[in-house]
Amino acid sequence: MPACRTDRTFATMTHFPHRARPSRIFPRSLAGGMLALGLVAAAGPGVGTAHAQQARQVQTRFGTVAIRNDRITWRGHVVHPTLSGNSGLMLAQVLPMGDSDIVLVQSIGGSLCPATYSVMQVSGKKERHTNFFGTCSDTPHASVRGDTLTIRMPSVHNGGTQHTYTYHAGLVSKDGVLLNSQCSKGTCENYFGDD
C-alpha cells in the first residue's frame, strides 16, 4: 500500500481485514490510499494485519481511547453522547492540539458513503466530541495549527470538489459555514454526508 505523507497528521495506511460483508467495507478504496486518516494508531511503515487491533485503541496524553462493543470509551468509560457508526467505527492517530489531544473517529460506510468523521477532543479534565460530518470521502488530509484542526477532503458526490472543515472550540465549520455539530437524543449517529 502507498504511504500518505502529511504534516503532523496521519501516517502509513494499511488495509485491515474485516468480518463484515465485503460490499459494505470500502468497496472503492482498497487500492488507493485506504483510509487516509489512518487505521493505524501507533504504527509505522510496514505494519501488517497482525496489528489490526491497534486501530481500535489509541493512547492520548490523557488516557486511552478505545472501541469496546462498538462504543467509544475514554479512560475505560463509554463517552456520552454515544458515537454510533454505520458498519463500524475506527480510530485514527492522535494529534496534539495545545493542552488537549484530538482523535478522529471514523464511521465506516458502504459504497455510497465510505466514511464520515467525528472529532473527539480529550484533555486532563474532560472529553467532548462532535456529531459525524464529511463528504463521504475516505481520503482526507488533517492538520493542526494552534487551537484549530483543519481537515480537507474531496467530495464523493460532486466531482471531487475540495472542501475544508475546521474544528475550533468544539464547533465544526464546512468552508466557513457552521455545521450542526451537536448530537441529538444522546447519540451521535452516522449519516449520509453533508455534500
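The second largest pocket is lined by M97, G98, D99, S100, Q121, V122, S123, K126, E127, R128, G146 and D147. A pocket here is an open set of points on a 1 Å grid over the protein atoms alone, where a 1.4 Å probe fits, with protein on both sides within 12 Å along at least five of seven lines; lining residues have an atom within 4 Å of a point. Strands β9 (115-122) and β10 each give two or more residues to this lining. Strands are DSSP runs (E, at least two residues), numbered from the N terminus. The volume is about 180 Å³, taken as the space filled by probe spheres set on the points. By class, the lining has two nonpolar, five polar and five charged residues, with Gly counted as polar.

The model is predicted; local features need pLDDT of at least 70, side-chain atom pairs pLDDT 80 or more, and totals for chains, interfaces and linings use all residues. Residues are numbered from 1 along each chain, and side-chain values use heavy atoms, without hydrogens and water.

One aromatic pair is counted. F133 and Y165 form this tilted pair, at 5.1 Å centre to centre and 40 degrees between the planes. Ring centres must lie within 6.5 Å; planes under 30 degrees apart are stacked, over 60 edge-to-face, the rest tilted. F133 sits in the loop between β10 (127-129) and β11 (141-145) and Y165 in β13 (residues 162-168), so the pair ties together parts 32 residues apart in sequence. Both residues, F133 and Y165, are buried (under 20% relative accessible area, 1.4 Å probe, protein chains only).

V94 lies in the loop between β6 (88-91) and β7 (95-97). V94 is buried, at 16% relative accessibility. Its C-alpha atom is 7.5 Å from that of Q59, 35 residues away along the chain.

Conventions: Phe/Tyr/Trp six-rings, centres within 6.5 Å; stacked < 30°, edge-to-face > 60°. Helix = DSSP H or I, 4+ residues; strand = E, 2+ residues; numbered from the N terminus. Buried < 20%, exposed > 50% of the residue type's maximum accessible area, 1.4 Å probe, protein only.
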